[in-house]
Amino acid sequence: MLGMMSERPLLISSIITHAATFHGDAEVASRTVEGPIQRYTYRDAERRMKRLAKALLRLGIGRGDRVGTLAWSTHRHFELYYAISGIGAVCHTINPRLFDEQIVYIVNHAADRLLFVDSTFLPLVERLAPRLPRDCRIVALAEGEAPPVGLPLLPSYETLLAGEDDAFEWPEFDERTAAALCYTSGTTGHPKGALYSHRSTVLHAFAESLPDAIGVSARDVVCPVVPLFHVCGWGIPFAAPMNGAKLVLPGPRLDGASLYELFESEGVTYALGVPTIWLGFESYLSSSGKRCSTLQRLLSGGSAVPPSMVTAFACHGIEVRQGWGMTEMSPLGTTAALKAKHRALDPQAQLAVQAKQGRPLYGVEMKIVDDEGHAQPHDGKSMGELLVRGPWIISGYFADEAATRAAVEPDGWFHTGDMVTIDPDGYMQIADRRKDVIKSGGEWISSIDLENAAVAHQDVAEAAVIAVPDARWGERPLLIVASRPGCRPEREALLELLARQFPKWMLPDEVVWVEELPHTATGKIMKTRLREMFGIPKSSGQ
Ligand code: ADP
């Protein structure tokens, strides 16, 4: 017998309609590419989204068409998320920090019919134009006429909107319809596309709103510092209006001073981003002696959160929660929120829990398997590759059968490529990416653990550990350090610090200093580049 409950489709447009109707005066404040803050309400936002939807239809965009964006986190990008998906088309956010080759590949692979481009990225598009699809038209995200570039442009974004009114009903269609497309940067091979549906996006927004996940309420002022071109801004542009929270979009300026000024002027209570951003922000707070008067919590994910970062922010009265996820997972899979039983622990023991990647949100199934595919116990010791499955996790890559076959099992389990343990309380901990693993004398050495310990040294800004081939042990760890301006920690002092936490055989044989560590387009330390820099071939796992 089936239940007798309404099967209203889970459509993204219903989120903004809900916000406009029941949180109509909640604000969206956005730092524009031009500089000033643009401010309006969810009610105003939906009106402009409807105009944009009509403009898209007038430009011939229909169901399933891909529409690309090359844009910072601003109100216009927010409007594109909803208007494009709202008419059944697919919002393809493009990471402008990718290499030219990768951008050309993904725009052609996605077959984008239209590109919405911030004025700062017009020169990029001009350079790539000869290699983009011939029928791909370009709209500048600007007022009036866009600055002249050697490109034929459609009327500007604001001109298109001014030509429409907001008398529009969002259409209804199957909730499984594709809504957004995001490519993973991928350290090897071509980028691969994760194609989110309306259903997956709405369910992900529900799940991340839960208190132990990200937790978003109508009393929050939320700022996704993670750009809207990276995995849908971690879903915050959906979760904030769903809950009636004020949304603050930071535009292009993500340095410590600019973020501080924005957080203070807009009253941000909660911000989300990668550790690199937060390390920069903390260093700004420490060196300037400034205090945040409203900021209470940070969610940090994308790479491991060093425990020293949690402690440093605690001194500023700010809680850091670690999250883990992937482009293929919309992205959120786990958070390291404490359980009631952890309250009794001393601060160091609590920190050890918070330093793990965390426990899964309801909806995310997880298992670890060894090289033969056998499930491993959740004992906090047995290590294996993490496999995940769930309603906001990919079932395959967009138009890429080979990549799908390599990553997704026939029964839906997706190979994350992360080597992990899961403890009896359900907390997952990453030792390494599969391709970064260090195996010395048959034993694992976690590069993440060593890196976290090294950044705890006051003179270290960032640290990376890579495997160096070794005739006797197979591989040995090499520690590469970028120091804080004007500092250079002594090799001995650094190794001594590590020796307090690790057995001797795990300690790096060498320490090297560099000016700066190379980063990927998503802000992670680029280990492939480091291996090239140090002339290290890496055969295993790649
Ligand atoms: P890309 O592959 O484009 O860099 P993703 O954001 O999809 O971007 O990367 C996902 C990977 O990032 C995960 O598989 C994991 O290895 C790493 N990662 C994400 N969050 C964390 C975290 N909190 N700690 C350690 N690694 C993380």
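**View 1. His342 sits in the loop between strand S14 (332-335) and helix H13 (347-354).** Helices (H or I, at least four residues) and strands (E, at least two) are DSSP runs, numbered from the N terminus. This is a predicted model, where local features need pLDDT of at least 70 and side-chain atom pairs count only at pLDDT 80 or more, while totals for chains, interfaces and linings use all residues. Residues are numbered from 1 along each chain as its sequence is written, and side-chain values use heavy atoms, with hydrogens and water left out. With a relative accessible area of 5%, His342 is buried (under 20% relative accessible area; exposed is over 50%, partly exposed in between; 1.4 Å probe, protein chains only). Leaving aside neighbours within four places in sequence, His342 is in contact with Gln350, Val353, Asp425 and Tyr427 (contact means heavy atoms within 4.5 Å). A polar atom of the His342 side chain also lies 2.9 Å from the backbone nitrogen of Lys339.

**View 2. The ligand is surrounded by 18 residues.** The closest are Gly323, Thr327, Asp418, Arg433 and Lys524. Strands S13 (319-325) and S19 (428-433) each supply at least two shell residues, and S13 gives the most, with four. By class, the shell has four nonpolar, eleven polar and three charged residues; Ala, Val, Leu, Ile, Met, Phe, Trp, Tyr, Cys and Pro count as nonpolar, Asp, Glu, Lys and Arg as charged, and the others, Gly among them, as polar.

**View 3. Gly323, Arg433 and Thr522 each place an atom by the ligand.** A polar side-chain atom of Arg433 is 2.6 Å from a ligand oxygen, and one of Thr522 is 3.0 Å from a ligand oxygen. For Gly323, a backbone N or O atom lies 2.8 Å from a ligand nitrogen. The protein covers 91% of the 570 Å² of accessible area that the ligand has on its own (Shrake-Rupley method, 1.4 Å probe).

**View 4. Helix H15 (residues 447-455) is largely enclosed by the rest of the structure, because eight of its nine residues are buried.** Among them are Ser447, Ile448, Leu450 and Glu451. At the start of H15, a side-chain oxygen of Ser446 reaches to within 3.4 Å of the backbone nitrogen of Ile448.

**View 5. Six residues of domain 1 are in contact with four residues of domain 3.** The domain assignment gives domain 1 as 12-21 + 39-197 and domain 3 as 437-533. Taken over C-alpha atoms, their centres are 40 Å apart.

Technical notes:
A residue is near a molecule or strand if one of its heavy atoms lies within 4 Å of it. A polar contact is a pair of N or O atoms within 3.5 Å; within protein, one must be able to donate a hydrogen and the other to accept it, and residues adjacent in sequence count only if both atoms are side-chain atoms. Domain bounds come from an automatic or database domain assignment.
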